[in-house]
Structures are given as C-alpha cells and as structure tokens.
Amino acid sequence: MALIDTRELIKTYGVGEQVVNALNGVSISIDDGEFVAIVGASGSGKSTFMNMIGCLDLPTSGTYHLAGENVAELTADELADLRNRRIGFVFQQFNLLARTSALENVAMPLLYTRELEVSKDTQASAQTTTQASTQTKRLKTKKRYATKDERLAHAKMRLEQVGLGERLYNTPAQLSGGQQQRVAIARALVNDPDLILADEPTGALDSKTSAEVMALLTELNHQGMTVIVVTHEADVAAYARRTITFKDGQVISDQINPPMNSRSAKEPIHSGAQSEVKSEVKSEAQPGAQHD
Ligand code: ADP
Ligand code: MG
C-alpha cells in the first residue's frame, strides 16, 4: 500500500475570470521509505501539492489517501490528528519561535499531541529490558500527554540526532541558518512522523549549508523516513531517488534518479557538495559557539 496516493487532484483558486487551476489532475503514488524531489518553475503547483498531501488544505476534486485513509472522509479533528502523528513539516524560513531555545522549539509540537508515543529511552531509565537497547523507531504508545520532562528529553534526543546536542539552549538568533534549519528538522521529527514534507528547505541557505541540510535529509531517509522535498534547484533535487516535475499544475515527468555515487565522477558539483558538508560541520564549531 502506498503511503501517499493521489488520483486526479484538482485545486482551483479564485472565482469567475480569476480562476487558477493550481493543480490540474495530479495522480501520484509514493511508497513508504521513498525520497522524492518535487521540482518545477515558480507557480507550477508544487506548494499547492505539498499543502494537499500535508493535509493543510483539501482538493477541489480528486482523492487523496494517506496511509490508506481517505482524508476527505475525516473530520477536522481527525485530520489534525493524522497530520500531527504522521507528518513533519520543514519550511524555507525555518518558522522557529525567536526568543525560544532550540530545545523548547523542538519540544513545542509535543504540547499538542494527544497520544504521544513516548520513547523508551526518554521514559524512566529504570526500564532495563533488552528491548530498550534495540533501536525502536516506533515507540510505545501512551494515551496521555507527556510530562514536561518527557517532552524535553524527547526534544533533546531529536536535537542530538541532527547534530545539535551542544546547542540546546541557543535561540535561533544564536544559530547559523543551517543550524536553524536543523532545529526545524528536529522539530519536524519530534512526533515520530512517517513522512517529512520540506518545501524549499534550502531556499534561504547558501550552497554549502544546503548540502549539509540535504545530507541530513538523506541520512534520515536511509534510516527509513519518507522524505518529500520541493526545490527548484537541480543539485538539491539530485539528493532524492526520484524526481517529479510539475508544470502548470500537472506532472510532466516522474523519474528515478541515478544513485549519487555513480554520478559523482561525472558531476563534480555533487562530489564537491559532499566534501563541503564536512568542512561546514567543522567550521560551525567556532563562530556559533560564543553563546554556549
Ligand atoms: P509553486 O509552489 O510551484 O511556486 P504554488 O502551488 O504556490 O506554486 O502556486 C500554483 C498556482 O496557484 C500559482 O498560479 C499561484 O499564483 C496560485 N495560488 C497558489 N495559492 C493560491 C491562493 N491561496 N490563492 C490564489 N491563488 C493561489
Ligand atoms: Mg512554492
């Protein structure tokens, strides 16, 4: 069963002569574990499509099944719950709360989670089953709100996962753009979603930092996360395994990308981008460190 399955999605904005078909019959199926880039010119419908599959908006017509559920048949509460449990969003402008630490930014979505899946390693460390040491992506379901300690412990784990374990108490202004986007990715991960939707996640970043963010999304995908990235940059799209191209609200191509390794010899941009990732991580240890 596909994680995402859209059939003939149409989204129309406006009335009368001002009508725009932002989506004009989009049928796409995306499986669990895929890494997909959505590309196309500005105005081609990429963000509209992401809003549909992110359950932020409903289509004018057509159907959308997310993990087998027809989203049109859900109540507003069920939809919000589905979105909260299954989808992590990453945006171009990071959308972090300004005067709030990285830790609290990442913990924030957990306040609204009705059925937090509390991680075994964030629960009382008294639990010493052999299971606790096995890496569990899906965590034990607890039908209650998490305590503040649990929220912060879970957020800390996610910040460590994106390499920001040393920046827990920095506010966004005390972090570089790339670090802020990694905080946003940690926040997207905090509810243990099935799917990360990133709309132009590198749009506000320089090329070195873009490579770092894409390397992180690639790593998350290798760990099993389904990742869908909107971009208008070919070298960003190249990180994905599959590229879907939009034009005028329609899909004009849907292709599997060759693996990164086999391309690096032919396309020096990518092998360059890879080595830049390492130098960027290294250089971050100095300039942003004054607030520790
Ligand atoms: P992209 O993300 O590829 O740049 P969008 O999905 O944002 O494209 O937009 C697709 C088309 O729909 C554009 O013509 C845009 O102007 C229009 N559009 C998007 N959102 C709205 C809206 N809320 N109201 C009216 N028109 C919109
Ligand atoms: Mg857009």
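Reply: A quick word on labels before we start: helices (H or I, at least four residues) and strands (E, at least two) are DSSP runs, numbered from the N terminus. Also keep in mind that what you're looking at is a predicted model.

Let's go to ligand 1. The residues around it are Tyr13, Gly14, Val20, Ala22, Gly40, Ser42, Gly43, Ser44, Gly45, Lys46, Ser47 and Thr48. Sort that shell by class and you get eight polar residues, three nonpolar and one charged. Which elements supply at least two residues each? They are strand E2 (20-30) and helix H1 (46-53). H1 gives the largest share of the shell, with three residues.

E1 and E2 are antiparallel, with eight bridges between them. Tyr13, one of the residues around ligand 1, has Val20 in E2 as its bridge partner. Val20 is in the shell too. Six residues separate the two strands of this hairpin, and Gly14 has a positive phi near 85° there. Gly14 is also among the ligand's neighbours.

Over at E5, the partner is strand E4 (residues 61-66), and the two run antiparallel with two bridges. There, Leu66 is placed opposite Glu69 in E5.

Next comes the other sheet. This one is open as well, with six strands in the order E6-E9-E10-E3-E11-E12 and mixed pairing. Its edge strands, pairing on one side only, are strand E6 (87-91) and strand E12 (250-256). From one strand to the next, the twist averages 15°.

Strand E9 (residues 195-199) and strand E10 (residues 226-230) run parallel and share five bridges. One of the bridges puts Leu195 together with Thr226 in E10. Strand E11 (residues 242-247) and E12, on the other hand, are antiparallel and joined by six bridges. Lys247 faces Gln250 in E12. E11 and E12 make a hairpin with two residues between them, and Asp248 in that turn has a positive phi of about 50°.

Finally, look at the helices on this sheet. H6 lies across E6 and E9, at about 165° to E6. H7 lies across strand E3 (35-39), E9 and E10, at about 150° to E10.

How do these two helices meet? Two packed helices are described by the angle between their axes and the distance between the axes. For helix H6 (residues 177-189) and helix H7 (residues 207-222), the angle is about 20° and the axes are 9 Å apart. H6 and H7 are therefore roughly parallel to each other, given that angles under 35 degrees count that way. The crossing of H6 past H7 is right-handed. On the H6 side, the contact uses Gly177, Gly178, Gln181, Arg182 and Ile185, while H7 brings Thr209, Glu212, Val213 and Leu216. By class, that contact holds four polar, three nonpolar and two charged residues.

Methods
Residues are numbered from 1 along each chain as its sequence is written. Chains are lettered from A and ligands numbered from 1 in the order in which they are written. This is a predicted model: local features need pLDDT of at least 70, side-chain atom pairs count only at pLDDT 80 or more; totals for chains, interfaces and linings use all residues. A residue is near a molecule or strand if its C-beta atom, placed from the backbone, lies within 6 Å of it. Ala, Val, Leu, Ile, Met, Phe, Trp, Tyr, Cys and Pro count as nonpolar, Asp, Glu, Lys and Arg as charged, and the others, Gly among them, as polar. Two strands pair if DSSP finds at least two bridges between them. Axes are lines fitted to C-alpha atoms, for helices over the stretch in contact, and angles run from 0 to 180 degrees between N-to-C directions. Angles under 35 degrees count as roughly parallel, over 145 as roughly antiparallel, 65 to 115 as roughly perpendicular and the rest as oblique. A crossing is left-handed if the near helix is turned anticlockwise from the far one by less than a right angle, and right-handed if clockwise. Two residues are in contact if their C-beta atoms, placed from the backbone, lie within 7 Å.
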